[in-house]
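Here is a quick tour for anyone meeting this structure for the opening time. Have a look at it, then read on.

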Amino acid sequence: MITFSKISKQYGRQVLFVDASFQLNPGERVGLVGPNGAGKTTLFRMIVGEETADEGDISVPRRVTVGYFRQDVEEMSGRSVLDEAIAGSGRAGTLHHELEALQHAMGDPDQADDMDRILERFGEVQEEYDHLGGYALEAQARDVLSGLGFEDAQIDGDVGALSGGWKMRVAMARVLLGKPDVLLLDEPTNHLDIESIVWLENFLKSLPGALLMTSHDREFMNRVVTKIAEIDGGEITVYTGNYEFYERERAQRDTNREAAYARQQAMLAKEQRFIERFSAHAAKAAQVQSRVKALEKIEKVELPKKRKVVQFKFRQPPRSGDKVAVLQGVTKAYGARVVHDGLTMNIQRGERWCVMGKNGAGKSTLLKMIAGALAPDAGQVTLGASLQMGYFAQQSLQLLDADLTIEEQFQKDFPQESIGVLRNLLGAFQFSGDDVDKPIRALSGGERTRLVMARMLLYPPNFLVLDEPTNHLDLATKEMLVDALQDFEGTMIFVSHDRMFLRGLSNRVLELGGETGRQREPHLFLGSYPEYVQRTGHEAPGVHN
């Protein structure tokens with residue numbers, strides 16, 4: 001369907017592809033992986049014609065429709081959320097909006113003289129719209145938007161009033177409703193909660209078209225894709241299987257190549273010794289020359305590239321009292337919407353609570369009240385003795401000084417620490433080499449998140465309150481963070497949509513209600529997230545496996 005044949009591409013000195021080939025076939029679901037800057041986004045942009053290859057051929061058949069969800073969402077305003085989503089439905093979406101305009105024109109007395117033409121056009125558009133299944137389009141759009149977390153009132157509301165994260169969901173709905181032959185998804189789970197992620201998994205598995213996607217969510221990748229295309233060192237290597245299969249297979253290939261490299265190096269050393277020993281012997285001259293020529297023709301085996309993962313041993317926090325936080329009859333409302341109604345819970349030292357709940361259930365509100373960033377309307381939040389709290393939320397990113405470089409920020413924050421310790425910490429969060437000289441104002445959202453987490457964990461507090469700490473983190477950083485926090489001897493309460501994070505760290509689950517029309521009692525589950533899933537049969541409230 002889509003073919004890349006011996007393509008080469010570079011920007012200045014940065015080489016992305018060298019004689020790389022790849023084919024996406026009808027119905028395939030392929031995960032695109034590779035280190036940052038390897039060329040994943042460039043590959044997407046070449047498919048949609050926004051970039052061209054320096055050499056080689058890219059074949060995208062004319063009749064193939066391509067839908068592309070990307071991280072930079074355009075401005076949206078002047079429509080309802082529903083209408084904005086329907087706009088992406090190809091020809092049917094265009095006709096939907098023309099029908100609306102014609103219906104408006106039919107009721108406009110100023111256009112009475114043009115009514116015959118309007119009625120004729122309305123009949124033509126209605127017939128084509130019906131033929132394309134357009135009258136089912138609104139119901140489909142509502143289903144997709146609901147799956148992505150929108151309430152009915154939001155669906156009919158002004159799209160311009162939404163935050164950037166919610167506009168990303170509208171952009172995704174628009175692409176999904178278009179039902180393209182090829183769907184390109186660039187980090188589709190970044191702005192989704194776990195309920196929407198589980199819905200999207202099932203939706204993508206039901207699509208008949210081809211899918212090519214990037215994702216930093218290991219679980220999502222494992223459940224959706226059946227092939228992995230790895231971009232690394234200018235090449236594209238395809239593995240038939242999910243992400244876990246790719247990791248095992250890649251490790252085995254690396255082991256085999258290391259063994260082949262060792263064998264070849266031993267053979268080359270032996271041949272070199274022969275050449276050096278007999279190069280001055282006239283009787284052996286023919287043999288020496290023969291071996292020199294043979295060595296020149298040998299294709300050298302190269303060692304596999306090692307992705308450097310820096311491990312950092314975090315210091316253990318000072319011990320807190322046994323009672324870390326006590327919530328007694330906590331109530332909080334926003335206008336008429338009550339998100340917490342008499343919530344009572346005790347957080348004990350060493351507990352790691354993950355907080356589950358649909359949008360609007362009050363997850364972030366709860367963490368803000370515990371952190372002291374928001375006061376309850378009624379009830380009390382009492383923190384225990386000898387407590388040192390670390391609170392991470394998206395607002396934490398504003399604590400960084402945009403005028404400093406990464407290294408300058410850390411030297412300012414930790415003047416007593418050596419450069420070696422600071423660089424080792426930064427390396428664990430994927431800032432190495434010249435990265436530390438980057439100005440903070442130039443960092444992406446993911447880079448800022450990594451930086452704030454690094455600052456918090458050099459001297460870990462004994463009570464971590466984390467609101468979506470894994471947003472925008474790549475797999476390597478998430479795995480390092482989970483490994484480091486598994487040894488953390490303090491107390492945690494966190495919200496996360498990443499199931500690797502939930503599985504690896506929780507030993508308690510708080511499930512909040514927040515159902516429309518009635519307030520459901522919070523459920524405190526005294527076990528880990530895997531035990532919660534096994535006991536309840538769902539990965540998140542209201543989402544059944």
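## A tyrosine cluster

Let's begin with some rings: Tyr239, Tyr243 and Tyr246 are linked into a cluster by ring pairs. Rings of Phe, Tyr and Trp (its six-membered ring) pair if their centres lie within 6.5 Å; planes under 30 degrees apart are stacked, over 60 edge-to-face, and the rest tilted.

Some ground rules: this is a predicted model, where local features need pLDDT of at least 70 and side-chain atom pairs count only at pLDDT 80 or more, while totals for chains, interfaces and linings use all residues. Residues are numbered from 1 along each chain as its sequence is written, and side-chain values use heavy atoms, leaving out hydrogens and water.

By the pairing rule, the count comes to 13 aromatic pairs. One of them is tilted: phenylalanine 414 and tyrosine 459, 5.7 Å centre to centre with 55 degrees between the planes. Phenylalanine 414 lies in the loop between helix H13 (406-413) and helix H14 (419-428), and tyrosine 459 in the loop between helix H15 (445-458) and strand S15 (463-467), so this pair ties together parts that are 45 residues apart in sequence. Helices (H or I, at least four residues) and strands (E, at least two) are DSSP runs, numbered from the N terminus.

How covered are the two partners? Phenylalanine 414 is buried, at 8% relative accessibility, and tyrosine 459 is partly exposed, at 35%. (Buried means under 20% relative accessible area, exposed over 50%, partly exposed in between, with a 1.4 Å probe and protein chains only.) Phenylalanine 525 and tyrosine 532 make an edge-to-face pair, 6.0 Å centre to centre and 70 degrees between the planes; both are buried.

## Charges over rings

Arginine 169 lies over the face of tryptophan 166, 4.2 Å from the ring centre. Arginine 450 puts its charged end over the ring of phenylalanine 431, 4.5 Å from the centre. The rule here asks for NZ of Lys or CZ of Arg within 6 Å of the ring centre and within 35 degrees of the ring normal.

## Strand S7

Now for strand S7 (residues 210-214), where five of five residues are buried. In a regular strand, side chains alternate between the two faces of the sheet. On one side of S7 sit Ala210, Leu212 and Thr214, on the other Leu211 and Met213, all buried.

Strand S3 (residues 29-33) pairs with S7 in the parallel sense over three bridges; pairing takes at least two DSSP bridges. Arginine 29 stands opposite leucine 211 in S7.
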